[in-house]
Amino acid sequence: PPQSLTNAGIREEEHYPKANLISFTETGELVIGQSVYKESDYTGERETFFSHNYIVPKDRVREYLTSADKLFGELPFRMNYDVSHGKVLNEIDALPVMKPSVQPLNQLLIELGISGKQFKQVIYAVLMSMTTKKKVYISLPGDITKATHGSYQLCYYLFQCLPFEMRKAFSVLTYHSEPQSKKHIGLMFVEK
């Protein structure tokens, strides 16, 4: 969880950022996920995170690579799960994707405090990370929950700047508390 929230003693789940994930597995599947802070786990005693991931089979990945709207569209992620309903979620034939709600790029960059030149530097860093296998860490100023939401919107535009063949190497995690290397994650937004 963000240090700024835990140090302030804030435990209400709605104040914590939702960490979104887009990644490709070694076998070519696409993972689109979200993790949320939970004030308590199944014991009711410990704080934890709840993650929900959609896995797109590799024979259907191409349709997500050609459309930023589809890849970054809003999905009905679960925020909790009751084990009494079983331990396996049903497979679905298609993701119920809704069009993403993103601000115009210029407005988003102003809100995030990023200049046009800095945005181009981020594009360059992401492209270089894909070819050199280095990681890119970005820290955004301001409220952590708003910054995390803004980082996902920023990735929507970054993805569209990538050549098609490089898109399958794009991987992002929109929030992590510290710059820590994660396998298969090339771009990570971290707490300031």
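**Entry 1. Second pocket**

I sorted the lining of the second largest pocket by class and found ten nonpolar, three polar and four charged residues. For this I counted Ala, Val, Leu, Ile, Met, Phe, Trp, Tyr, Cys and Pro as nonpolar, Asp, Glu, Lys and Arg as charged, and the others, Gly among them, as polar. A pocket here is an open set of points, on a 1 Å grid over the protein atoms alone, with protein on both sides within 12 Å along at least five of seven lines; lining residues have an atom within 4 Å of a point. The model is predicted: local features need pLDDT of at least 70 and side-chain atom pairs count only at pLDDT 80 or more, while totals for chains, interfaces and linings use all residues. Residues are numbered from 1 along each chain as its sequence is written, and side-chain values use heavy atoms, with hydrogens and water left out.

I noted a volume of about 470 Å³ for the second largest pocket. Its lining has 17 residues, of which Y54, I55, N90, E91 and I92 are the closest to its centre. Strand β3 (residues 48–56) contributes the largest share of that lining, five residues. I took a volume as the space filled by probe spheres set on the grid points, which are joined across faces, edges and corners. Helices (H or I, at least four residues) and strands (E, at least two) are DSSP runs, numbered from the N terminus.

**Entry 2. Largest pocket**

I then looked up the largest pocket, whose volume is about 570 Å³. It is lined by 26 residues, and K18, N20, Q34, M79 and H149 are the closest to its centre. Both β2 (30–38) and α6 supply at least two residues of this lining, and α6 gives the most, with six residues. By class, I recorded 13 nonpolar, eight polar and five charged residues in the lining of the largest pocket.

**Entry 3. Cavity**

Rolling a probe the size of a water molecule over the atoms shows where empty space is left. A cavity is a set of grid points where a 1.4 Å probe fits but cannot get out. I found one cavity of 30 Å³ or more, and the space in the largest cavity is about 60 Å³. Its lining consists of I138, L140, I144, A147, T148, S151, T174, Y175, F189 and V190. At least two lining residues come from each of α6 (144–161), β5 (172–176) and β6 (187–190); the largest share, four residues, belongs to α6. This lining holds seven nonpolar and three polar residues, and no charged residues.

**Entry 4. Helix α4**

Which residues of helix α4 (residues 105–112) are buried? I found L108, L109 and L112, taking buried as under 20% relative accessible area, exposed as over 50%, and partly exposed as in between (1.4 Å probe, protein chains only). Seen down the axis of α4, the buried residues fall within an arc of 100 degrees, so they line one face of the helix. The arc is that of the directions from the helix axis to the C-beta atoms. On the face of α4 turned away from the buried side I noted the exposed residues N106, I110 and E111. The cover over the buried residues of α4 includes α5 (116–132) and α6. G113 follows α4 and has a positive phi, near 75 degrees.

I located F119 in helix α5; F119 is buried, with a relative accessible area of 7%. Leaving aside neighbours within four places in sequence, F119 is in contact (heavy atoms within 4.5 Å) with L105, L109, I114, L154, Y157, L158 and C161. Between F119 and Y157 I recorded 38 residues in sequence and 9.9 Å in space, C-alpha to C-alpha.

I found K133 in the loop between α5 and β4 (136–139). K133 is exposed, with a relative accessible area of 66%. Most residues other than glycine have a negative phi. K133 is not a glycine, yet its phi is positive, about 65 degrees.

**Entry 5. Whole chain**

I counted seven helices and six strands, running α-β-β-β-α-α-α-α-β-α-α-β-β from the N terminus on. The radius of gyration is 17 Å, close to the 16 Å that the globule rule gives for 192 residues, so the protein is as compact as a globular protein of that length. That radius is taken over C-alpha atoms, and the globule rule is 2.2 Å times the number of residues to the power 0.38. Along the principal axes, the C-alpha atoms fill a box of roughly 45 × 45 × 30 Å. Of the 192 residues, 40% are buried.
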